[in-house]
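Dear colleague,

My notes on its side-chain interactions follow it.

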Amino acid sequence: PKGVVTAKAAGSVSITCEYSDSSGSASLTIDAVTLSSIAVTPAAKELAVGLTQQYIATGTYNDSSTKNITDTVTWSRTNGTGTATITASGLVTAATAGTVTITATLGVAGSATLTVKATVTYDGNGSTGGTVPIDSSSPYSNGTTVTVLGNTGSLTKSGYTFNNWNTAANGSGTSYSATNTF
């Protein structure tokens with residue numbers, strides 16, 4: 001359209017308009033749009049060990065505009081009391097219980113806090129009857145004491161007697177009886 005100016009780059013320009021015997025001019029300065037801050041979402045997240053979370057980076061610019069810059073930033077993590085891994089695209093996998101700081105950087109930085117929780121599950125190890133107990137308190141925060149559940153689902157396996165839980169399917173791991181804590 002006539003009379004419309006579209007900015008192509010930062011800088012100054014003089015615009016002159018002529019009509020018949022008249023003319024006029026104006027100066028126009030285009031300021032560069034720069035990244036002011038990065039918001040990382042979710043800002044605070046709890047995630048069980050082994051699960052993943054995609055983080056999003058949103059840039060806010062000096063003209064108050066915003067843009068998804070997830071694929072442009074450099075993603076990193078700082079393991080605190082917990083650990084996690086992160087991909088170049090911001091996909092995090094929780095590894096051990098505790099806290100982890102997730103950071104997106106592109107000249108400026110923004111961060112989020114991930115709390116990794118440990119999940120306690122019970123396995124019937126080939127049981128032929130009954131059900132495994134469900135730990136309603138799981139997942140657990142780092143440093144939380146876990147009380148081992150008993151055989152509340154009356155698990156059975158032909159030719160075997162239930163004695164306790166074990167961390168290895170063949171019984172060579174650590175054994176835990178009901179009400180033991182770790």
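**Aromatic and charged side chains**

Tyr-122, Phe-162 and Trp-165 form one aromatic cluster. Please bear in mind that the model is a predicted one. Across the whole structure, a search finds three aromatic pairs. One of them joins Tyr-176 and Phe-182 in a tilted arrangement, with 5.1 Å from centre to centre and 45° between the planes. Phe-182 counts as partly exposed, at 46% relative accessibility. An aromatic ring also meets a charge: the charged end of Lys-157 sits over the ring of Tyr-160, 4.8 Å from its centre.

As to salt bridges, the count comes to one. It is formed by the side chains of Glu-46 and Lys-117, at 3.3 Å from N to O. Glu-46 belongs to strand S4 (residues 44-48) and Lys-117 to strand S12 (residues 108-117), so the pair ties together parts that are 71 residues apart in sequence. Glu-46 is exposed, with a relative accessible area of 52%, whereas Lys-117 is buried, with a relative accessible area of 14%.

Asp-135 deserves a separate paragraph. This residue is found in the loop between S12 and strand S13 (165-166). Asp-135 is buried yet has no salt bridge, and the nearest side chain of opposite charge, that of Lys-117, is 12 Å away. What does the side chain of Asp-135 make a polar contact with? The partner is the side chain of Tyr-140, at 2.7 Å. Leaving aside residues up to four places away in sequence, Asp-135 touches Val-120, Tyr-122, Tyr-140, Val-146 and Leu-149. Tyr-122 is also a member of the aromatic cluster with Phe-162 and Trp-165.

With kind regards

Definitions and conventions:
Residues are numbered from 1 along each chain as its sequence is written. This is a predicted model: local features need pLDDT of at least 70, side-chain atom pairs count only at pLDDT 80 or more; totals for chains, interfaces and linings use all residues. Side-chain values use heavy atoms; hydrogens and water are left out. A salt bridge is a side-chain nitrogen of Lys or Arg within 4 Å of a carboxyl oxygen of Asp or Glu. Helices (H or I, at least four residues) and strands (E, at least two) are DSSP runs, numbered from the N terminus. Buried means under 20% relative accessible area, exposed over 50%, partly exposed in between (1.4 Å probe, protein chains only). Lys and Arg count as positive and Asp and Glu as negative; His and the chain ends are not counted. A polar contact is a pair of N or O atoms within 3.5 Å; within protein, one must be able to donate a hydrogen and the other to accept it, and residues adjacent in sequence count only if both atoms are side-chain atoms. Contact means heavy atoms within 4.5 Å. Rings of Phe, Tyr and Trp (its six-membered ring) pair if their centres lie within 6.5 Å; planes under 30 degrees apart count as stacked, over 60 as edge-to-face and the rest as tilted. A charge sits over a ring if NZ of Lys or CZ of Arg is within 6 Å of the ring centre and within 35 degrees of the ring normal.
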